[in-house]
Amino acid sequence: VALLKDADGVIDINLPISGSLNDPQFSFGGLIWKVITNLLVKAVTAPFSLLTGGGEQSNSVEFVPGTAYLAPSAVETIERVGKALVARPNLQLTVAGAADPASEREAIQQAALDAMVQAEVRKAQLRAGKPVSDAPTAAASAASAAGAASAPMIASAPPALPMAERERIVREIYQDTKLPNKPRNLVGWPKDLPLPEMEALLRNAQVVSVDSARDLALRRGLAVRDALVAQGLPSERLFQAAPKVRASGEGDTNWKPIVELSLAPR
């Protein structure tokens, strides 16, 4: 009932019915009861599909592997779920972030390196007295990509640096980072390596553990929560479940980093 009621407490069902009036077994009441039964079954088995009016389930939000940035496909999901929940005040939502330290290992290591590069960019901006933004948003671009009139304010990955600038920063990080396997020349000084080799050494030095995966899963849940609040959903109707760390073998190509959504009446 909480799933079907709108903000005014009205249940408005728009489901077409059909039958033959020439059929001796025809029963209008029986037909109506069948429609209601099917509706209740759908409310139990596919609540998000019924909530959003779409054919697909919207009970999960996908993320860019290794990061707490929502995937482009997630923007439409967030917008659709947010609008539907705002119109259904008798529902509350629980979000549960997930991460997989095995399948996402390389992506997490790459994200850690990218974060180190962005930290150096921010330091340079502060030294130059330029404004620093720790959480760029992709509202405008996401709206354009999704074809939506408006989009939730979602933190996005910062724009890619020019290759020369990235190489300069990575080289500085590489020189300042103690690595046990740094290639050295005959006199013992670190060799001057190409950018891909420096990045590979720095990536491999990033430790991926269950704790770091749990922290990533937690940040994913917070990202979904913040995006839904930005859609106008009251924070008291949003709950964050314990983050889930998925155990899997290496090379699990079917794994997708997500935040799971679940509904409950208030």
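1. At roughly what angle do the axes of helix 3 and helix 8 cross, and within what distance do they come? In this predicted model, the axes of helix 3 (residues 72-86) and helix 8 (residues 210-230) cross at roughly 55° and come within 9 Å. Helix 3 is therefore oblique to helix 8, and the crossing in which helix 3 passes helix 8 is right-handed.

2. On the side of helix 3, the contact with helix 8 is made by Ile-78, Val-81 and Gly-82, while helix 8 contributes Val-224, Ala-227 and Leu-228. Sorted by class, this contact of helix 3 with helix 8 comprises 5 nonpolar residues and 1 polar residue, with no charged residues.

3. Helix 4 (residues 105-127) packs against helix 7 (residues 195-204) with the axes 9 Å apart and at an angle of about 110°. Because angles of 65 to 115 degrees count as roughly perpendicular, helix 4 is described as roughly perpendicular to helix 7. Here, too, the crossing is right-handed, with helix 4 passing helix 7.

4. The residues that make this contact are Gln-109, Gln-110 and Leu-113 from helix 4, together with Glu-199, Leu-202, Arg-203 and Asn-204 from helix 7. By class, the contact of helix 4 with helix 7 has 2 nonpolar, 3 polar and 2 charged residues.

5. As for aromatic rings, the structure holds 0 aromatic pairs.

Terms used
Residues numbered from 1 in each chain as written. Predicted model: local features only at pLDDT ≥ 70, side-chain atom pairs only at ≥ 80, totals over all residues. Heavy atoms only, no water. Phe/Tyr/Trp six-rings, centres within 6.5 Å; stacked < 30°, edge-to-face > 60°. Axes fitted to C-alpha atoms, helices over the stretch in contact; angles between N-to-C directions. Helix = DSSP H or I, 4+ residues; strand = E, 2+ residues; numbered from the N terminus. Parallel < 35°, antiparallel > 145°, perpendicular 65-115°, else oblique. Left-handed = near helix turned anticlockwise from the far one by under 90°. Contact = heavy atoms within 4.5 Å. Nonpolar A, V, L, I, M, F, W, Y, C, P; charged D, E, K, R; others polar.
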